[in-house]
Structures are given as C-alpha cells and as structure tokens.
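Dear colleague,

I am passing on to you the structure we spoke of, with the sequence and coordinates placed just below.

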Amino acid sequence: MHGVEGYIYPNELELQWSVLIVLYPYLTGLVAGAFILASLERVFKVAAVKPTYRLALLTALAFLLVAPLPLQLHLGRPERSFEMYLTPHRSSAMAMFGFVYLWYLMVVLLLEIWLEYRVEIVGWSKSARGPMRWVYKALTLGSDDIGPEARAVDDKVGWIVTVIGIPSAFLLHGYVGFIFGSVKANAWWSTPLMPIVFLFSAMVSGIAAVLLLYMAAMKVKRRPIDMRCADTIAKYLFYVFLIDFSLEMLDLVHRIYEADESFRTLDFMVQTRLYVSQVVIQILLGTCLPLAILAATQIFRIGEAARRALYATAAVLTLAGIFAMRWNVVIGGQLFSKSYLGYTTYKLEFATREGLLPALALMILPFAILWVLVKLLPPWPEKQAILEPSDATIAGVKG
Amino acid sequence: MGRPATGRGRRAAADEEACVPGKLKHAGHLIRPAVVLLLGFALFLLVRGAVVPATFGELGHYRAASLDEIRQQAPAFAGQAVCAGCHAGVTAVRASGKHRAVACEACHGPSARHAADPAAVRHAPLDVVALCAGCHEKDSAKPKWFRQVESKEHSGGAPCQSCHQPHKPEF
Amino acid sequence: MTISRRDLLSQSGKLLILAPVAAVPAPPRRASEDAAAGYDPSRHRWAMAIDIDKCIGCGNCVRACEQENDVPAGFFRTWIERYQVSGADQEHPKVESPDGGRNGFPPSSNSNAKEFYVPKICNQCSESPCVQVCPVGATFDSPDGVVLVDQSYCLGCRYCVHACPYGCRYIHPGRHTVDKCTFCYHRITRGLTTACCEACPTGARALADLKDPRDPIHEFLRVNKVHVLKPHMATRAKVFYASLDGAVR
C-alpha cells in the first residue's frame, strides 16, 4: 500500500484528523494567549502593556469566532453538530467544548469588550452617520448611561469579568489539550502534561501574535511603537516560552527515560516522518532560535530598531514553531499504527473540503474579522480627550 | 485599558458618596446584556426541549429507538437450521462426514434470499477447486491438525471433486 | 472441551448439525426463538470466543461480514492477521493482512518461525473507550453488551476512531458516519449467530452469551488459557482468545 511502512491495522490506512484539526488548537491557543496578555494589564496592573490591551481583546475575539469553523468543516455530518448542545455526553472529553466555547465567547469576551468600549459606543451612536449609527445604537443595547458612577460600575464589573476570564481562558485551552491527552489508546497523545503544555504554548503563541500585530498595526498607522510596551511583552514572551519549553522537554525526557512499549515506534517516527516538522521546525527554528533571540534582548543592550527587528523575527518564528507543534501533535499522533508495527503517511490535499485551501482561508479569516473589528471598535483612539468622563465632546471621536 | 488613572480615584469617591440605591441605579445598563444572555439561554432550552429525540435517555445516553432500527436489518445468511429445513438429504450426508461442522453457507454463500424464494433465487455454481484450495492449500501458518495439501502435487491438476465428494470428502 | 461438546450433543439432535469438531462449539443458538417480538435484552450478554489454534486464515469470515453487512471496500469490521515470530524476538513479529485477509493469504513455507493466524473483531468492551468519548451519545453499550452506533445521530467527529485501541472503527465513505462491527445485532437478536461465525469452517470463532448458563463459553473460559487483546488498556474486552501469543498486539 502506498505510503505505508510495516504493518498497520487495515482500518488505519485513512487518517482521521486532517490539517483542519491542526488549526483548531492553534486558533483556540491564540485566543487564550491573547486574552491572558490582555488580563496582564487589567488584573495584574502591568501598565506597560496597556497599548495592546484592546488589540489583544479584539484579536482574541477574531480568532475565537473562527475557532469552531475548522471543526464544523471537518465533521462528516456538519448539520448534526448542534447535537453537542442537545445531548452532551458527560463522559466525553469533547462534549463540553460547545459550552466552554459559548461561556468564553458570551460571558467573558463579548462582555468584557462591551464594558471596555461602552463609553465610546454611546458616543459613536450619537456621532456616526448612516447605517453605522444604527450599528452602534444596537451595540449600546439601548443604554446611554455613561456618567461617572456608571463608568465606575463598568470598571469594577470589567475587572471581575477579567478575573473570571483568566481561569476561563485556561479552561478553554487546557480543555483542548485534555481532548488529546486523555486518549489512552494513543501513546503519542496520552500524557497528563498535554493540557498544561497546550496551555503554555497557547500563551506563547497568543503573546507572540499580539506583539506582532501591534508592531504591524503601528507600522501601518505610521505611529511610533511604544518600546516600553514591546519590551515588556517580549519579556513575558521569553518567560512563558521558557516554561513551555521546559514542560515539553520534561515530556520528552520522561518518554525517553521511561521507554515504554510505544517508545521505539514513536522515536523512529520522530527521527523519520516527523523530523522536519518536529526537530527542525518546532524545536530548532520554532523554539530554540526565538528563545535565543529573546534571551539576547534580555541580556544585551541592543538599539531600538534592532530590537524591533529581533522581536518581529522571534514572534514570527514562535508562531511557526507553535503551529508545527500543533501539527506534530495532531498529525504525528496518527502516523503510527496502534499495533506499534508500522506507519502511514498524511497526504495534504489542496482544494478539497479538508485540504490546504480551506485551511489557508480559515487562517486568513480571523485577520479579516480583526480588520473589521478594528474599524468598528478602534483600539487606539485618535484623541485622548474622549477619555475625560465629563467631556461633552465624546461624540466627536472616531478612529 | 482605556480608562484614565483618575477614573479609579473617582470611583472610590463615588462609592463613599453614593448610597446603595444610587449605585444600583447606575448599574442599570448591566441588566441589558444579562437580559440578552438569559433570553438566549431560554431560547436554547426551548429549542432543546423540542428537538431532542423522543426515546433519548430511556435506556442510557442514547436514542433507545436505534436498537430496534439496527435490528431491522435483514440477514443475508439464513443460518444452518434454515438450510437443513429443506435440504435434509444432503444435510444428513454432510453430518456423517468430516465437513459436518462446516455450515452450508460457508461454501454456498449467503442464502437468505434463496430461502425466502427458492424458485426465483438460485445459487450460482461454485468453483469447487478454488473453494477447496481456499481452506486446504498447504501453508505453514495453518494449524498442524488441519488437513493441507499442495494441490498441484496432490492431484496433478485433476479437479478435487473427481476423487472427493465435497459434502463428505473422505473416502 | 470434548466433554462439553458431548454434553451439548446430548442436549439436542439439532446440535448434531451445529456442533463443530473443534474446541469452540457453536453455542446452542435458539433458531426458533422469535426474533423481533420475543427478544429480551436483559437476558443476554454477548461475547465471543476465538481459538487461535483453529484459525486457518481462509478469509471466510471477512467475506461473510462484507456480504451480511455491506461493508465498504477497504474497510473492515473483522479481519485476519498472519503473525510470524522468529525466536525470542517477540517485539518485532512480521504481521500481514492483505486486504484484511478477505481472500486468504499467500501460502507460507517458513519452518524457522512460529506462525499463526489471528482473527480480529470489535472486542465489545464493557468499558469501551469509544463509548466514553462519543460527545453526543451516538455510540453506546446496548443493554445486552454490544457496542452499537446510531447511524442517524453520529456526527462523524471521528473521536471514537482514535479512542479505539484495536483499530476496529472506520468512517463509512458513503454515510460519513462511524461504522463498526455490531456482532450482527440484527442476527443474534433473532436467534442466529453472527455471519462470521456462521461462515467459519473450523469453529475458530463462536458467538457466546455470558448470561446463558448452558453456553459453552463457560467451559471455554475454564478449560483454556484465555487472553484478551491489550489487557493493559483496561477496556474489559469481551472477545476472549484461547492460545493467544504474547507477540500479538
């Protein structure tokens, strides 16, 4: 049989989870990571990252809206996906995803964004023209109370929502890790470290994405990059990445030392079929190199322009590395036979339902959504004046 | 976050000044997203009640009616008793020989349609040589107790049934 | 085992027809039992006995399953593997299953290796990982111990395919939902045996009812050295193998 080496069970010839399922943890990871970065400012009072607070929230929303689409597209019977909400099976690690997702979308993210933007939304609902006025009017949900007391309430409730949001973000992505980590039949997936590795890699990818988006947005808007902000984000990226790398190495060392029945098979797979994506892209280019770059920016005094270039490079490599990590987990877990006697091959198709083309479209879609969101809810107001609560000219502002 | 540092200071001041009903008055706008969420939840419960299949959960976390649906499938193999019901003669011959444990349909194939309408549905003739070889061709992986021959050398190309009677293969 | 067979033979004349020569006699299937109406699931608990020493790798079971259940080409509800184990090297047996063994195997003439055939089928686990992970309740453990799929409810997420340690599940290419061995649920609830057992010429496999005190399975479990596949997976598999080699996985 083509692409098969050794013996695989006859039903194992076909791979079950395609590149779309690689996208799913990648996208949710970006959501969780971006939200946790946003919460740094709000809950942990890291004032330096303030310029990215709103961008991080909108990024999280844009990716969260796209996250279930690859799953939906992958289902054999997509029209039946609502059954997950109707009759969720309590013993299934997958069944709660819909609820965790909705909780995170409705109760955490949308609420926090609404509270954060409410003052401006009320202003825009009075100043905007044409259909946009009605969009903003709808977004006010019919309340224009933006007096100082109401704002104080918003601030307090927003803080509470963020505090709830942090464990929710942990839950969202730790949960995705558990979906894989709890499959005892699959030695490549089955490890209690999976949720925590997913969580930290999510934070890494989300922080890198927001850093990159912030620098890119400033470039597009021809505004100066707040280096104190970029430096702080890079510092957090470095530390979180160190934890993530340690966890992944712990998993690796544990597997090598324990060398259970699956080890030889998995080791051979990493040395051959996963060599490029695992060793070269994920570990060397996607982890060691960005870690070295970030370490260098922490240790040496480097000029601003060079730092910006290094941060951008590290962020791009990180995002590629985390994507490779998702690929290696999802696809790698299906390349070896559960008989441990053989291997199969994943052939990425192009213009099919689960091919490269829809995957690329799903990867671009969040950026399109983000573009719309940034237009609708500008993260960086042109005039600081609007932030004065008593200012009657709130209406005059539009990003 | 878009709020100026003074905002938090103001809040503290407002807290001191405002009496409790005043505070609630300024939280009035929060009721709106709460109403939106509750409406959504109520709608979900309504829809759920209407579309969950009737027998779901009767016997466990599944649609109990599916058990009967699965049982509706028509058997293709009639079963030994059905064959024996009509073909008593050959069944008796077979029962006296070494193939007594081999069900009719093991060689003749699925016969439920034939049993339902014996005149209209008839079995295709069997390729006896291939059928014999399918089981009895020599293979070192087969258990030793099982009778095996290298058919070329055993029969010299003659069809098996020229010596053996398939329903009672021993001489 | 001979004793049990003799007991069985004495039970009814019908068994003269049904009882195979081998150590795994077909249980006394109540062919007269009225299918649709009179079946009480609470009185049965289905399992299977497989005797490795009886399997000749003819592929009859694979073809019968295909014919009975319209199994799509390239997928298998049951299949046969041929093992060749050399010396002490239990870790690297040579295993093959050309087209699931549906057309038998090219004859081997290997005097240096230990060789045998292993029929595989859904293990109808009591603690089924596939049932555990189904997010919607489309796959379930029936009251009589068979793991079934509700074809009209499965959404084709494929999580159960990953959860099965034995590779017994596949996605039906036409229906886009998961499919697997049903132990011929439509047959066994009518008093028939499974298609694979019906077609097996050597009695290497026999459907068993653990709740039937007269079922030969009890004798089979008592007399043989019995093993299940991948016991470390703790799935409480109900397909019991006699003479299963340690190299089998």
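In chain A of this predicted model, 81% of the contacts with a separation of 6 or more are between residues 24 or more positions apart. The secondary structure of chain A consists of 14 helices and two strands, and 59% of its 399 residues count as buried.

As to overall dimensions, the C-alpha trace of chain A spans about 75 × 55 × 35 Å along its principal axes. The radius of gyration of chain A is 23 Å, which agrees with the value near 21 Å that a compact globule of 399 residues would have.

The helix pair I looked at joins α2 (residues 53-66) and α14 (residues 356-376) of chain A, which pack with their axes 8 Å apart and at an angle of about 135°. Because angles over 145 degrees are needed to count as roughly antiparallel, α2(A) and α14(A) are described as oblique to each other, and their crossing is right-handed. On the side of α2(A), the contact is made by A:Leu58, A:Thr59, A:Leu61, A:Ala62, A:Phe63, A:Leu65 and A:Val66, while α14(A) contributes A:Leu362, A:Met363, A:Leu365, A:Pro366, A:Phe367, A:Ile369, A:Leu370, A:Leu373 and A:Val374.

Note on methods. Residues are numbered from 1 along each chain as its sequence is written. Chains are lettered from A and ligands numbered from 1 in the order in which they are written. This is a predicted model: local features need pLDDT of at least 70, side-chain atom pairs count only at pLDDT 80 or more; totals for chains, interfaces and linings use all residues. Side-chain values use heavy atoms; hydrogens and water are left out. Axes are lines fitted to C-alpha atoms, for helices over the stretch in contact, and angles run from 0 to 180 degrees between N-to-C directions. Helices (H or I, at least four residues) and strands (E, at least two) are DSSP runs, numbered from the N terminus. Angles under 35 degrees count as roughly parallel, over 145 as roughly antiparallel, 65 to 115 as roughly perpendicular and the rest as oblique. A crossing is left-handed if the near helix is turned anticlockwise from the far one by less than a right angle, and right-handed if clockwise. Contact means heavy atoms within 4.5 Å. The radius of gyration is taken over C-alpha atoms; the globule rule is 2.2 Å times the number of residues to the power 0.38. Buried means under 20% relative accessible area, exposed over 50%, partly exposed in between (1.4 Å probe, protein chains only).
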